[in-house]
Each structure stands twice: as C-alpha cells, then as structure tokens.
Amino acid sequence: MITILEYLAYCTPVVFVVLSRVYKLKFNRLQGTGKIPDIQDAKQRQTLFSVLAILSALLIVVIQSEFFFQS
C-alpha cells in the first residue's frame, strides 16, 4: 500500500526538474540584457535544481531496490 509520503517522495524529482526548467527559461530570457548578477543567479539555480533532481531520483531508486531485495 502506497502512503502519502511515498507519493511526495516520487513527486520530489519532478518538482526539481520543473524548477530547473523555470530557471533555464529565466536564464534564456535574461541573456543579452546585461544583468550579470541575475544571469549568474539563474544559471546557478538551474544547475542546483538539476543536481537535486538527479540525486533525489537516484536516492529513490536505491531505497526502492533495497526494499525490493529485502522482501
């Protein structure tokens, strides 16, 4: 039986991917405007959320495989 916490855990990588996409669009929109701190901030946040999406997805796979092999 899947609990609400499992649904939230499965949604976490998706949320990080969406946030990464939002900051990529912001980065693309800021290109050529000369707002260097805003451009750097958008790129750093895009990278941060991309890494968090990958790490959270890998964590879910590791945890699920551990539970799969236990039973």
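Okay, let's start with the helix pair: the axes of helix α1 (residues 4-30) and α2 come within 8 Å of each other and cross at roughly 160°. Axes here are lines fitted to C-alpha atoms, for helices over the stretch in contact, with angles running from 0 to 180 degrees between N-to-C directions. So α1 is roughly antiparallel to α2, a label for angles over 145 degrees. By class, their contact has 16 nonpolar, six polar and six charged residues. Nonpolar covers Ala, Val, Leu, Ile, Met, Phe, Trp, Tyr, Cys and Pro, charged covers Asp, Glu, Lys and Arg, and the others, Gly among them, are polar. The crossing of α1 and α2 is left-handed, as in the near helix being turned anticlockwise from the far one by less than a right angle. And the helices themselves are DSSP runs (H or I, at least four residues), numbered from the N terminus.

Quick caveats: this is a predicted model, where local features need pLDDT of at least 70 and side-chain atom pairs count only at pLDDT 80 or more, while totals for chains, interfaces and linings use all residues. Residues are numbered from 1 along each chain as its sequence is written, and side-chain values use heavy atoms, with hydrogens and water left out.

Now, two serines. Ser20 sits in helix α1, and it's buried, at 9% relative accessible area; buried means under 20%, exposed over 50%, and partly exposed in between, with a 1.4 Å probe and protein chains only. What does Ser20 touch, not counting residues up to four places away in sequence? Gln46, Phe49 and Ser50, where contact means heavy atoms within 4.5 Å. Take Ser50: Ser20 and Ser50 are 30 residues apart in sequence, but 5.7 Å apart in space, C-alpha to C-alpha.

Over in helix α2 we've got Ser56, buried as well, at 13%. Leaving out residues up to four places away in sequence, Ser56 touches Thr12, Pro13 and Phe16.

Side chains of opposite charge can pair when their charged atoms come close. How many salt bridges does a search of the whole structure find? One, counting a side-chain nitrogen of Lys or Arg within 4 Å of a carboxyl oxygen of Asp or Glu. That's Asp41 with Arg45, at 3.2 Å, N to O. The two are four residues apart in helix α2 (residues 36-70), so about one helical turn separates them.

Terms used: Angles under 35 degrees count as roughly parallel, over 145 as roughly antiparallel, 65 to 115 as roughly perpendicular and the rest as oblique.
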